[in-house]
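Look over the model below before reading on. The paragraphs that follow go from the sheet to one helix and then to the whole chain.

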Amino acid sequence: MLPTPSTSHVDVNLVYEPAEDSFLFLDTLSSVAESSFLKERFGHDPQRRKRDVQSPSPLIVEVGVGSGVILGFLTAHARHILGRNDVLSVGVDVSRPACQASRDTVHLACQAASNESGWFFTSLNADLTSVIRPGTVDVLICNPPYVPTAEVTHTLDIRTQAAKISNNGEEQNPIAEEVNLISLSYAGGTDGMEVTNRLLEQLPTALDSKRGVAYILLCNQNRPDEVVQRIRQWGADWTVHVVGRSGKHGGWEKLQILRICRGGQPAS
């Protein structure tokens, strides 16, 4: 079993604490079936490539990087999971505390893994794929805010509220700010899909046109069967498979991970 990155330094009052959904990602990405898929797609195969053509170094992007436990795991164990360690990883999150926490998590994980790890660039404070050059992402990971809620919290709302309080000379309630920041990680709006729907719209543009692949987590109330059917309507060259499932029924919160890409073999 591959070691899980330490997140003991993460302030769980401000940043989402790794939970069942996070660990489902770790188990799925390191499974024999999914590691074989990724190695075939990105790994160096001396029999097939004969060293005359070397594929470009893969770019891994986690959208909504949170604590960094997933990105840290995949980057630190790049050689084991992707068959190569010349990978570059980047995190993206709308929460500034999450960006800082994830930087520390991934750096520590890569230091512990030594020669097995890839290269971590940084975590960027931004919305979804807005700061990523189109067509450059090889592996996109997203554990989105998937809980159905009345509304979605936006960082602009938090910052605007904080600015108004500051300008009025009032003391800001730190507990309220913490609740707002944490809600960024779970509040998914209608059907828990408002953020995920926006990301799905960006996938065809963000992913590398030939080898880009995305892993996105859904829960039962996200209506995953409808999501799968919608993706299949993108065109015959797109494939979508369920590659990870939680073994528990946590009320309505049974989880699954979709693998979305152009081409690709069925999940085992």
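In what order do the seven strands of the open sheet run? The order is β3-β2-β1-β4-β5-β7-β6, with mixed pairing. Strands pair here if DSSP finds at least two bridges between them. Helices (H or I, at least four residues) and strands (E, at least two) are DSSP runs, numbered from the N terminus. The model is a predicted one: local features need pLDDT of at least 70, side-chain atom pairs count only at pLDDT 80 or more, and totals for chains, interfaces and linings use all residues. Residues are numbered from 1 along each chain as its sequence is written, and side-chain values use heavy atoms, with hydrogens and water left out.

At the edges of this sheet lie β3 and β6 (238-245), each of which pairs on one side only. Ignoring direction, neighbouring strands are turned against each other by 20 degrees on average; axes are lines fitted to C-alpha atoms, for helices over the stretch in contact, and angles run from 0 to 180 degrees between N-to-C directions. β2 and β3 run parallel and are joined by six bridges. In β3, Phe 120 stands opposite Ser 89. Helix α10 (residues 224-232) packs on the sheet and touches β5 (213-219), β6 and β7 (255-262); contact means heavy atoms within 4.5 Å. The direction of α10 makes about 0 degrees with that of β7.

Helix α6 covers residues 96-113. Its 18 residues reach 26 Å from the first C-alpha to the last, close to the 26 Å expected at 1.5 Å a residue, where the expected span is 1.5 Å times one less than the number of residues. After α6 comes Ser 114, with a positive phi near 60 degrees.

For the protein, the tally is 10 helices and seven strands. Of its 268 residues, 48% are buried. Among contacts with a separation of 6 or more, 82% come from residues 24 or more positions apart.

Terms used
Buried < 20%, exposed > 50% of the residue type's maximum accessible area, 1.4 Å probe, protein only.
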